[in-house]
Structures are given as C-alpha cells and as structure tokens.
Amino acid sequence: MADAEQTLVNGVTNLSVNGNEKGKDSAEDFAKSWGFGLSELYKLAIRFFKEKDGKALKLKYQDKLRLVAYTKQATFGKYRNDVSPEVGFLDVVGNDRRQAWQALGDMSQTTAMVEFVKQLDALCPLFRPFTEAHNAEKQEQQRKRQEEEDRLRREAEEKERRRLEEEAQRQQELQKQKQLEQEMQIRAALNQQTAVQFAQYAQQQCPNNKQQQEELIRQLQEQHYQQYMQQVYQQQLLHQQQQYQQMQQQQQASSTAPAPSPQTNPSPPMASPTPTQQPGSQPTEAPPKPQGNSVIPNGPAEATEKKPEGEDLILPPALLMPASIWTRKDIQSFKDSVKHCQENVIKIGSLATATVRVPTHEDGTCLFWEFATDYYDIGFGVYFEWTIAPNTTVSVTVSESSDEEEFDEEQDTKNDVEQGTKKEDRPPTDEIIPVYRRDCHEEVYCGSHAYPGQGVYLLKFDNSYSLWRSKTLYYRVYYSR
C-alpha cells in the first residue's frame, strides 16, 4: 500500500512539473497550428476522448488521471472543495483524481486546455487525423456558404438592376403619355380657335368637294401647330439667353443677389397667335404648303439657321422632365464593384469641383448614375447642355481652387486693351438637379433621367465648400435602350 501511494505521489509530482514546463508555450500559436480556435479545439478533443475511450483509445491509468485532471482545471480552475465531490476513504480512483487535480496548482485554464490537447495528441496517433478531417469539413462548409452568399448577392443585384430598368421604362412611358396628352390638348385648343377660319378657307378653295376640304383643313391645322410650337421654342430660348446674360452681369458686378434660375418647364399657353395669313381675307390666294418639318426632340429644323458659327447648338424642348432619385444601402459592395476600374474613381481635392461629361448615346433613351464617397459628403447636381458632342466618350474635368483662375483673368484684363471680350455664345444649359450636399458616404445615391434630346449631361461633384478635406468619389454611369 505504501508503494502504491509513493507511485501515485510521484506520478502527481511529475504531472505538476510537466504541466508547468509545457504551459510556457503560447496558446494562440498552438491553436493556429491546428487550424482551430483554442476553445473549439479543446471541445473537439473532449469529444474525441469521450467517444474513443476504451475503443480506439487505450490509456494507462496514470495517463487517464492526467487527462481528467486537465479537464477539471480547464473547467473550474484551481482545485476547490466546493466543486469537488465527496470522496470516501476507500474510493481509490476518486482520491487519485482529487490529488491529480490538486497537483496542478495555479495552472491557468488556457494552459490546461493546451496541455490536454498535447497529451491526447501524444497518447493517440488517431487524434490529429480526426482534427484534420474536421478542419477540412469546416473549410468546405465555409466555401459552400461563401459561394451561396455570392450567388444570392449576384441574384439580388441582377434583380435590382432589372427593377431599376423596368422602373425607368415605366417612367419613360408615363412621361411619353403625359407629353402625348399635352400635345392633344394643345392641338384641340388650337383647332378650336381656328376651326371657323380654316373651314371658310377650305370651302372657298374646294367649293364642292367635302373630302378635299377635310384634307386641306387637316394640313392647315398641322401647319398651324408646328408654327405655334416653333414660336414656343424660340421664346423659351430667348428667355434662357436673357437669364444667362443677367447672371453673367451679376457675376461680373460681384453682386450678392442670387441669379434667378432659368425656367425650364414652362407650360405652353392655350391661346394661339393669329396666323400670318388670314384665310378669309384673300379667298383667291392659294394656301401655304404644309411644312414637312415636325417637332423633333432636339428642336425644330429651322433652328439650325440661328446657331452661332463654330458651335453645334440645338434648341431645348418646351418641357424638360424631372429626374428620378433614390438611394440604397449596399455602399461597400458598390465600392468593391467600382474601384477595380481606375476611371470610375476620382480624387477631388479641397476647394475643387469635378465635372463628368456624359454625351447622349444614339442607342439610348435614359441615363443612369450611381455614386458614393469615403467618410464625408459631397455636393452633387445634374445639368444638360444643348450641344452636339463629337463622340460619346465620357470625360472628367477636375477644377481646382478658383483663386488662380481669377488671378489669371485679372492679369489678362489688365494687359488687354479691348476688355469684355469673353465668349457669350456658350451652349444653353438646363438645370435638372440643383447642387446640394449629399450624404453619399452613408449610402449609394442613384438616379435616372430620360433623354430630353441630343446633348451632353454634366454631373457636378462639388467639394468647393471643404477647406481641408479631399474626397474620394466612386461613380458609375450607363444608359438604357
């Protein structure tokens, strides 16, 4: 009996010394070498120990005592009487386990987990293949889960893209329907005002032919409508030019009063100007031939006679539809999808403004834009320049602080005998979205606008209000058919 106690004490003493020596290893480095976290690796070892004990795992009495002591230390810490069950005097196994636990002393719970795994690995060669199999299974599950997440993300993006295109198409159809209804209302009002005059004129020209009279009336009504719309376009262009000249004069005079914004959506009046030829006054004169020119999105064909030399200008339509604006929350995925293309990432310095020029495409009917920034907001607005671009290439211009430009202009003015020679024949530009600061560092800002005609969209990204901070802009533009 004395020999047995001496053997047990020696075993426990060796257990304590070995535990202190092996506890010097780093727990984190040890867990990384197995491909698991320490807690997960320990739970896997406990599972293996319980399942294989007495089967694939044949342990000696002293080795099993050591492993059980490590589990107690890892679970409860240092030996305490309140968590240790009562052991009878004749309970040899219970006394041995208690002494083995007491021999671990102040060993930390983390060290006890590490030592349990190391001892189990040393005692059973099947433990490492067991953990490797579970590690491979875990990686395979992670790979499948990542593939499933990527698939769902792609499906969501494709679904969102289709939804945006359908929404844009629906908006276009509604806008076309409104334009058609408005055109019908204008035609009805004009026809009502000229019905008596045109009927008298047609009766004088075709006295006994009802069919020819109706055809002549239709031609006169169409001609009258085209002339009326042409006058509306010309009046609108003249009004815009006057507004632009007033704004230039105010800027030159350094006036603090804000310039009035040009009216881009005036409703055509229902009253019709009197025709240039009164049908009833000259009954023997042949009616004017109906004009073959119809109102096209870029303005009437006669407008080409009034454009300045060297400029491909076009007249804006009487109605400019508003843009659609919305936001979405997947800002990080949007940045990841855009930043691989350097052309879609712009560095805008403090006190600077970036302008993205997007010409209309002959195959497109609607422009889409998306943008976001890092950390801070930025000003954004959209304008439409009524000019014919030489190509459909998207260009970016970043203008730095205007101090240097104003200084250069002052020097040129001092050295120039003929002052005030600045060009005033810039193409007319309509404001679609005014420049406001957008919280695009929190969510992706998106929008669309149906082509009002042929021209160039100007996407303004304004950082002129920031004295110190530069902004990184991620943007994307595209058109739909």
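Let's start at Glu-443, which sits in the loop between β7 (429-438) and β8; helices (H or I, at least four residues) and strands (E, at least two) are DSSP runs, numbered from the N terminus. This is a predicted model, where local features need pLDDT of at least 70, side-chain atom pairs count only at pLDDT 80 or more, and totals for chains, interfaces and linings use all residues. Residues are numbered from 1 along each chain as its sequence is written, and side-chain values use heavy atoms, with hydrogens and water left out.

Is Glu-443 buried or exposed? Glu-443 counts as buried because its relative accessibility is 15% (buried is under 20% relative accessible area, exposed over 50%, partly exposed in between, with a 1.4 Å probe and protein chains only). Its side chain makes a polar contact of 2.9 Å with that of Lys-329 (a pair of N or O atoms within 3.5 Å; within protein, one must be able to donate a hydrogen and the other to accept it, and residues adjacent in sequence count only if both atoms are side-chain atoms). Leaving aside neighbours within four places in sequence, Glu-443 also has Thr-327, Arg-328, Ile-331 and Phe-371 among its contacts (heavy atoms within 4.5 Å).

Now for the sheet. Five strands, in the order β1-β8-β4-β10-β2, form an open sheet with antiparallel pairing (two strands pair if DSSP finds at least two bridges between them). β1 (324-328) and β2 (345-348) are at the edges with a single partner strand each, so one side of each lacks a neighbour in the sheet. Four bridges join β2 to the antiparallel β10 (residues 471-480), and Ile-346 stands opposite Leu-473 in β10.
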